[in-house]
Amino acid sequence: MMNMLQVAFLCFLAITVSSISSSTTNISSCPLDLNYVQRIPWNTSVCQISQPKTTIITPTQHCCQALLSLFGIGLALHLKQTSLFQLPDLPTASACIIDFQDKLSSLSLPPNIAPTCFGSPERFHTGPQICAGIETKQDWMNKLGLSTQIDSSCKSDLSDPSSCDACVKAGLKVQAKLTSIDGNASHSTDCFYFTILYAGGVVSEYGPESTSTAGCIFGLPISAKLTSKNKINTGLMFTLIGVGVVVLLISCVLTWFFVWDKRRKKKRILGSGEKDLEEGNLKLHLRPNTGSIWFKLEELERATDNFSERNLIGRGGFGIVYKGTLSDGTLVAVKKMIESDFEGKSEFCNEVEIISNLRHRNLVPLRGCCVSDGDDDEELGKQRYLVYDYMPNGNVNDHLFFSEISSSGSAKALTWSQRKNIILDVAKGLAYLHYGVKPSIYHRDIKATNILLDAEMKARVADFGLVKQIKEGQSHLTTRVAGTHGYLAPEYALYGQLTEKSDVYSFGVVVLEIISSRRALDLSYSNSDPQAILITDWAWMLVKSGQIESVLDASLLKDEDPNNSNPRMIMERFVLVGILCAHVMVALRPTITDALKMLEGDIEVPSIPDRPLPLGHRSFCSSENTFSIPPNVSEPQGNTRDLLR
């Protein structure tokens, strides 16, 4: 039996579809050319909904956002051809939604998915009251002049991430100017919507149909197959370059072989052992100037008392950590890998070589590793272990939420001085990973449990089982997202786009956790309805309502540092930096080095930007946009403030 919510939804859907159908009797056709829907290589899988036992279509938020972005491209094409920002009347808008649904049906998408996502067609009907009285391109130029910042920043190819970010920044500035001209702050998102249409339909030389424009300005998810196609188009060039490189490499290898063979024969004459030499070179290759890093499995079993449960100190999705004591009395932490991104032994060894060469006071040093040979047991052959220095004060998570872990509750809350130093230490460790080594290293799993504390309570970033080396100037796209819910940056969680700003987002979440002693993802219950509240949303709402002190842990307000003349202002600055780092839009987050300067007071913290949301921009959009998800779709998933942004 359906509950009241389902009945209400059915009624709403029936009324919406009926109103759209009846309105079409007064029109002849839709002025939009929607054939691009079948030409653009967009990722239709986000809307593949399988519901064989019911006729009620309940598309996901990601699907609706993709469809709204796709429809926005049609409006941009219409703007380019007619100078009109939106459709002339309600019947025309209704007809366009029906035609749009026909195109989607030809792609084997569910029927009525467009009316369900769009709700009333009134949102696509133009009017002078929407934004600064703008209805046409001439109105736009009368208000803003012949040239704006987006005319220079959004004109060229936007496939490069830096070019796309510059276009987005320019769009935000133009939107702010439009809102100021309008004088009504509630029209802010409408003005941003006009900015998107103008940038994609008028400014872009490639037009709104191009994949770079659709992906950047409109935020349309592009099919991964496009990447393969681009590779084919440039294949000939890379082939020619490759042939030259191969010839050069062969020459170098032959030269090296003859030199090595000559030296090997000479050493044989002198009585040197070839086997010992090769073993020595192997150790030198794996970890230069540090000696052997390889442990035998028997050594680790003795150190951990055969991996006894009483020595268990941590467990995560990628491994189990045990406390151990080596034969010389050194305390270590032994991580037994359960799962990793590395399929073969050689790839794992390469990872160990990268990590072992990292040297920074705010990183947990890697002492060694072990790969079982598996001569007698096939399963043992797949076991891998990492050996780190032991951190006696555990991790930050234990100190923030000690009451949940320790039944005695005897532990004391972290002081402000300790929290401040921990945050600064983490920022310095990340800055080293991003800028202190080449190629840069992205951690991918920054969280409170991966920040360990040494004997002096100095913070050290740990768990490099997920690190990725990225060539300079490049981002990383992956089909396998690794990390922890609540800490993942939206563009990484949704689209697999990994950049240095992905770590910055996670760092911002950690800052807010440390400041507030509140978990990154709070699973609470209200009126028997489960809600998952992100700390970023919670802190954002408090700061925007002028209650920034409510973000601070109550213990910090009681124990302000008497040696600091104004600790409250410093604590509030840390809150603002945390919110800025965890902004939903990549382009608006600072680099980790700039964030560190803000925390230390070397540069001012800029005003926290709002969350303007383009048509499904890759940084994600919420339901407050003009192109938004109607209440009948978003409500069953919880309040909009509780959604992952």
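What is the mean pLDDT of the protein, and what share of its residues reach 70 or more? This is a predicted model, in which the mean pLDDT is 75 and 68% of the residues reach 70 or more. The points below take up confidence, the nonpolar cores and the aromatic rings.

**Confidence**
- Confidence is highest in helix α24 (residues 592-600), at a mean of 96, and lowest in helix α25 (residues 631-634), at 32.
- The pLDDT is below 50 over residues 375-381, a stretch that has five contacts in the model beyond near neighbours in sequence.
- Where pLDDT is low, the predicted coordinates should not be read in detail.

**Nonpolar cores**
- The largest nonpolar core has 68 residues, and the members that touch the most others are Ile422 and Phe507.
- Helix α18 (residues 416-436) supplies the largest share of this core, 10 residues.
- Because domain 2 (290-390) and domain 3 (392-608) both give residues to this core, it lies between them.
- Another core, of 66 residues, lies apart from it and includes Phe118 and Leu144.
- Beyond its neighbours within four places in sequence, Phe507 has contacts that include Ile423, Val426, Leu430 and Ile592.

**Aromatic rings**
- Eight aromatic pairs are found in the whole structure, and one of them is the stacked pair of Phe85 and Phe194, at 4.7 Å centre to centre with 15 degrees between the planes.
- This pair links distant parts of the chain, since Phe85 lies in the loop between α3 (61-82) and α4 (90-106) and Phe194 lies in helix α9 (residues 188-203), 109 residues apart.
- Phe85 is buried, with a relative accessible area of 0%, and Phe194 is buried with a relative accessible area of 0%.
- The charged end of Lys336 sits over the ring of Phe307, 5.9 Å from its centre.

How values were computed:
Residues numbered from 1 in each chain as written. Predicted model: local features only at pLDDT ≥ 70, side-chain atom pairs only at ≥ 80, totals over all residues. Heavy atoms only, no water. Core = buried A, V, L, I, M, F, W, Y, C linked by side-chain atoms within 4.5 Å. Buried < 20%, exposed > 50% of the residue type's maximum accessible area, 1.4 Å probe, protein only. Helix = DSSP H or I, 4+ residues; strand = E, 2+ residues; numbered from the N terminus. Domains from an automatic or database assignment. Contact = heavy atoms within 4.5 Å. pLDDT = per-residue confidence, 0-100. Phe/Tyr/Trp six-rings, centres within 6.5 Å; stacked < 30°, edge-to-face > 60°. Lys NZ or Arg CZ within 6 Å of the ring centre and 35° of its normal.
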